[in-house]
Amino acid sequence: MEIQVAKRLQHTEEYYFSKKLREIDEMNKAGDQVINLGIGSPDLPPHPEVVKVLSEQAALSNTHGYQNYKGAPALRQAMADWYARYYAVNLDANTEILPLIGSKEGIVHICMTYLQEGDEVLIPNPGYPAYTSAVRITGATPVPYILTQENNWLVDFEALEQLNLSKVKMMWINYPHMPTGALANKEFFEKVIAFGQKYNILICHDNPYSFILNDSPKSIMAIEGAKEVAIELNSLSKSSNMAGWRVGMLVANETRIGEILRFKSNMDSGMFLPLQLAAAKALSLDKSWYTQLNEEYAQRRKKVFEIMDLLNCQYDLNQVGLFVWAKVPSNYKDSYELSDKILYDAKVFITPGGIFGSAGEKFIRISLCANKDTLEKAITRIKEIFR
């Protein structure tokens, strides 16, 4: 008996990494011991105090029941305090913050709340593939906008204004940008807000990388008028080494929080309370936590630059975030050719930039989520094939 998948899934392919990790798993079973420099899953632990709170709270008898759909008040207050301390953004903890089971689910919640067939959504190219997938699941149409190295991977608003924007309901942006590591300044965010207001487009800013190798974290919510036209997603995955804990947040005005909650409350029943209280502890850490984290990432980035030099790839020394993005030499057809050569010949997996869109096809991306010894091993293996 054959049951067809729903139309909403017929253009949604399995995530590239899901397929590639299966292939790498088979290579490892055959004895290859592949070094994976592809995925941005932090390998460092959270702060010991965070783990301690989780352990202590989980040992109590009264912390195991269903939780409020809007999250524990202590967590929302910690999120509000964190935004005030690091982004200079004042938020009402009761009405303008919605804790999430990871910010990735927030992408789907936002799309499912506001989009339907006939709507169009501006999606960055290159950009995080989950934006396109989430839009397609709703039946809406993704409209890619090209980001270029020449424009420092920032949005070209003049080019956007040449498009027919009459059906565009939403725009996804993401700075610090993944995969390119590009930074946006206050002036850029002001332009985005003005663009959203002019064309009645909901601006969705995905902001999980702002603390990684970046001395000046920024939030779009610090811009005047942002709460009227923008939503921001944020996460503890990268900045607190809590990727597997699945803790994120959605920041918006009270009306939008209520609208999104109408969808989200039908999808889950809240987060485990000890996990929420541990996340609140993570958000209360002082700046020395981020400084220490970034000292380690800075050392790793030097090793990754060495790898890029071995591959004759060109890169921007000023990029930030959890990855290094670089242009492949012209003697390779595209990023997939170089990535596969390194995987099959050196047994090192590096992400081809083409998975982030056509504008990334001539680039590769290396994660900083591997320790210096592992990166040194990768350097040794790559030297062997590029001698």
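Q: Helices are DSSP runs of H or I with at least four residues, numbered from the N terminus. In this predicted model, which residue takes a positive phi just after α1?
A: The residue is Gly31, whose phi is about 100°.

Q: How many Å should helix α1 span, and how far apart are its end C-alpha atoms?
A: Helix α1 covers residues 16-29, and its 14 residues should span 20 Å at 1.5 Å a residue. The end C-alpha atoms are 20 Å apart, which agrees with that expectation.

Q: Which residues of α1 are buried?
A: A residue counts as buried when its relative accessible area is under 20%. In α1 the buried residues are Tyr16, Phe17, Lys20, Ile24 and Met27. Seen down the helix axis, these residues fall within an arc of 75°, so they line one face of α1. Their cover includes the strands β1 (35-36), β11 (348-349), β12 (351-352) and β13 (363-367), together with helix α12 (335-346).

Q: Where do the side chains of a regular strand alternate?
A: In a regular strand, side chains alternate between the two faces of the sheet. With 5 of the 5 residues of β6 (residues 202-206) buried, the strand is largely enclosed by the rest of the structure.

Q: Through what do the strands of a sheet pair?
A: Strands pair through backbone hydrogen bonds, in either the parallel or the antiparallel sense. Strand β5 (residues 168-173) pairs with β6 in the parallel sense, over 4 bridges. Within this pairing, Met170 stands opposite Leu202 of β6. Helix α7 (residues 186-199) carries the chain across from β5 to β6, and this β-α-β crossover is right-handed.

Q: In what sense do β6 and strand β7 pair?
A: They pair in the parallel sense, again over 4 bridges, β7 being residues 230-235. Cys204 has Ile231 of β7 as its bridge partner. Strand β7 is mostly covered, since 6 of its 6 residues are buried. Ala230, Glu232 and Asn234 point one way from β7, whereas Ile231, Leu233 and Ser235 point the other way, and all are buried. Strand β7 is also joined to strand β8 (residues 248-251), but antiparallel, by 4 bridges. Ser235 has Gly248 of β8 as its bridge partner.

Q: By what is a pair of aromatic rings described?
A: Such a pair is described by the distance of the centres and the angle of the planes. A search of the whole structure finds 21 aromatic pairs. One of them is formed by Phe195 and Tyr199, which is tilted, at 5.2 Å centre to centre and 50° between the planes. These two residues are 4 residues apart in helix α7, and are thus separated by about one helical turn. Phe195 is buried at 3% relative accessible area, and Tyr199 counts as partly exposed at 25% relative accessibility.

Q: How far apart are the ring centres of Phe305 and Tyr315?
A: The centres are 4.5 Å apart and the planes stand at 5°, so this pair is stacked. For this reading, planes under 30 degrees apart count as stacked. Phe305 lies in helix α11 (residues 287-310) and Tyr315 in strand β9 (residues 314-315), so the pair ties together parts that are 10 residues apart in sequence. Phe305 is buried, having a relative accessible area of 11%, while Tyr315 counts as partly exposed at 23% relative accessibility.

Q: Which residues form one aromatic cluster?
A: The cluster is formed by Trp82, Tyr83, Tyr86, Tyr87, Phe211 and Tyr290.

Q: What is the order of the open sheet of 4 strands?
A: The order is β9-β10-β13-β12, and the pairing is antiparallel. Strands β9 and β12 stand at the edges, each with a single partner strand, so one side of each is left without a neighbour in the sheet. The partner strand β10 (residues 323-327) runs antiparallel to β9 and is joined to it by 2 bridges. Tyr315 has Ala326 of β10 as its bridge partner.

Methods: Residues numbered from 1 in each chain as written. Predicted model: local features only at pLDDT ≥ 70, side-chain atom pairs only at ≥ 80, totals over all residues. Heavy atoms only, no water. Expected span 1.5 Å × (residues − 1). Buried < 20%, exposed > 50% of the residue type's maximum accessible area, 1.4 Å probe, protein only. Arc of directions from axis to C-beta. Contact = heavy atoms within 4.5 Å. Pairing = 2+ DSSP bridges. Right-handed = clockwise from strand over helix to strand, strands pointing away. Phe/Tyr/Trp six-rings, centres within 6.5 Å; stacked < 30°, edge-to-face > 60°.
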